[in-house]
Amino acid sequence: MLDSSMKNQLFGIFGGLTNEYIFDVKVSPEHESRNELLELLNDVASCSDKLSVQVNDGEGLEFTLLKNGEKTGIKFRAVPNGHEFTSLLLAVLNSDGKGKNIPDESICNRVKALNGPVKLTTYVSLTCTNCPDVVQALNVMVALNPQITHETVDGAINQKEVEAMKVQGVPSVFADGKLIHVGRSDFGELLAKLEAQYGVKEEALPVLEKSYDVIVVGGGPAGSAAAIYTARKGLNVAVIADRVGGQVKETVAIENLISVPQTTGQQLALDLMSHMKDYPIDVLEHRRVEKVELAGRDKILTTSTGDKLIAPAVIVATGASWRKLNVPGEMKYIGRGVAFCPHCDGPFYKGKHVAVVGGGNSGIEAAIDLAGICSKVTVFEFMDELKADQVLQDKLYSLPNVEVFKSSQTMEVIGNGSKVTGIRVKDRKTEQERTVELDGIFVQIGLAANSGPFREVVDTNRPGEIVIDSLCRTSVPGIYAAGDVSTVPYKQIIISMGEGAKAALTAFDDRIRGIV
């Protein structure tokens, strides 16, 4: 099943294992996926003398990961190939205390402080690109807290169970039989939901208090660039972020990052983290800033984990989030037909029929751009009239392959499980609903700046963007803003990177001049 090239990679990946691991398999002799599972696990086990496979007959198909003969708490009721193959490898590495996905000490302490026992079950599809992030995050928690167990269940080979549990989307996470999450997520969000349900041992939660020269808030292109440029100046810098990569991780393919002809959002996020790790940067993921205080020159930031971080200079690079439709099917098909950036994702719909939801300037500009590459563009606007500038409307109506429906409310995104196949809309005047078959949906109902608690400290405009000058300075000395959270025009990756670098250089210059 695994070719020689992959096996050579696995020899290197597992070269540092210090414990003995067994894939303890229980599978029915008649199960249609038995041979596939055994071939996969035996191939993986052949890549390290620390790995082995033991097989016993069972009723279904499952395997548990044992460490030195003891259960780790990680179980798969699946054949973890496809997107979940990495989850299998990381399950072993995480159990050995290794893996780049293990969070920082403060977050690890939060996991260890969770009250137990906690029994987690995640229903996945092996074609789902969102499922591995959830599976891997929960498996890390198992490795950190012996009170937690987690099993990954492939819905395709456990259909009766999926129907009984009324699973309607993946990944679906159940905690002791209670559904606590469906869809895309990250470590921090999942941990917060578990803390809310099970509680924590407060005495096991030491609060981090630390001072830096510069704190960067946000781990996307702007934040990463700001941190790297700051570190290169020899300053002590930390990055606070929900996740490195930020909104970029939601982009399937990127073809307009100059000098990089093609990459993916996931890969770019990994590259940003890798680049930051080349420098002495404290990357504090899975947390967000909840409170900002000014104390003379110092800025005191309190995070969602209770940490207090202090610095004379803060660079806000928290980006912006696409406003979502919040209708059934939308979250499930983000990256699989539901898109937000026509510049990034438009070329992948060449010759296809797409919809643009939103009749403001951004929506009509998107429709005009897409009309040049798509066979047909359908615009849906909620209001009775388009809100875009008249010059844009005139251009739109001059295009032969564009149709516009006003007074249209989006009700549901429809798909076949792997991609978008249509959209259900309602005419607000007649109340009639209909389904339009198409290949993609571009949501263009605006961006919301993630300015959060900084709105109480620095000047923002009506949409919530932080107002900056040409050097990324805000209304408060020592606080800077860069990228999509700011008033800089054009929300693009390459522009955000440049703005992050500019903010860092300005902060350094202000430090030299004694401004901060």
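## Helix α2 against helix α3

Helix α2 passes helix α3 in a right-handed crossing, where right-handed means that the near helix is turned clockwise from the far one by less than a right angle, and left-handed that it is turned anticlockwise. The model is predicted, so local features need pLDDT of at least 70 and side-chain atom pairs count only at pLDDT 80 or more, while totals for chains, interfaces and linings use all residues. Residues are numbered from 1 along each chain as its sequence is written, and side-chain values use heavy atoms, with hydrogens and water left out.

Helix α2 covers residues 34-45 and helix α3 residues 85-95, and the two pack at an angle of about 45 degrees with their axes 12 Å apart; axes here are lines fitted to C-alpha atoms, for helices over the stretch in contact, and angles run from 0 to 180 degrees between N-to-C directions. That angle makes α2 oblique to α3 (under 35 degrees counts as roughly parallel, over 145 as roughly antiparallel, 65 to 115 as roughly perpendicular, and the rest as oblique). Helices (H or I, at least four residues) and strands (E, at least two) are DSSP runs, numbered from the N terminus. On the α2 side Leu40, Leu41 and Val44 meet Phe85, Leu88 and Leu89 of α3, contact meaning heavy atoms within 4.5 Å. The residues of this contact divide into six nonpolar, no polar and no charged, where Ala, Val, Leu, Ile, Met, Phe, Trp, Tyr, Cys and Pro count as nonpolar, Asp, Glu, Lys and Arg as charged, and the others, Gly among them, as polar.

Helix α3 is largely enclosed by the rest of the structure, because 10 of its 11 residues are buried, which means under 20% relative accessible area, with exposed over 50% and partly exposed in between (1.4 Å probe, protein chains only). The buried residues of α3 include Phe85, Leu88 and Leu89, and also Ser87, Asn94 and Ser95. Just after α3, Gly97 takes a positive phi of about 80 degrees.

## Helix α4 against helix α7

Helix α4 (residues 105-112) and helix α7 (residues 187-198) pack at an angle of about 30 degrees, their axes lying 10 Å apart, and they are therefore roughly parallel to each other. Their crossing is left-handed. From α4, Ile107, Arg110 and Val111 meet Phe187, Leu191, Ala192 and Glu195 of α7, and the residues of this contact divide into five nonpolar, no polar and two charged.

Thr152 is found in strand β6 (residues 148-154) and is buried, with a relative accessible area of 1%. Leaving aside neighbours within four places in sequence, Thr152 is in contact with Lys75, Phe76, Arg77, Ala78, Thr122, Val124 and Val135.

Cys472, in the loop between β26 (447-449) and β27 (479-481), is not a glycine but has a positive phi of about 70 degrees.

## Cysteines

Cys472 counts as buried at 0% relative accessibility, and Cys47 counts as buried at 2%. The structure holds zero disulfides, a disulfide being a pair of cysteine sulfur atoms within 2.5 Å.
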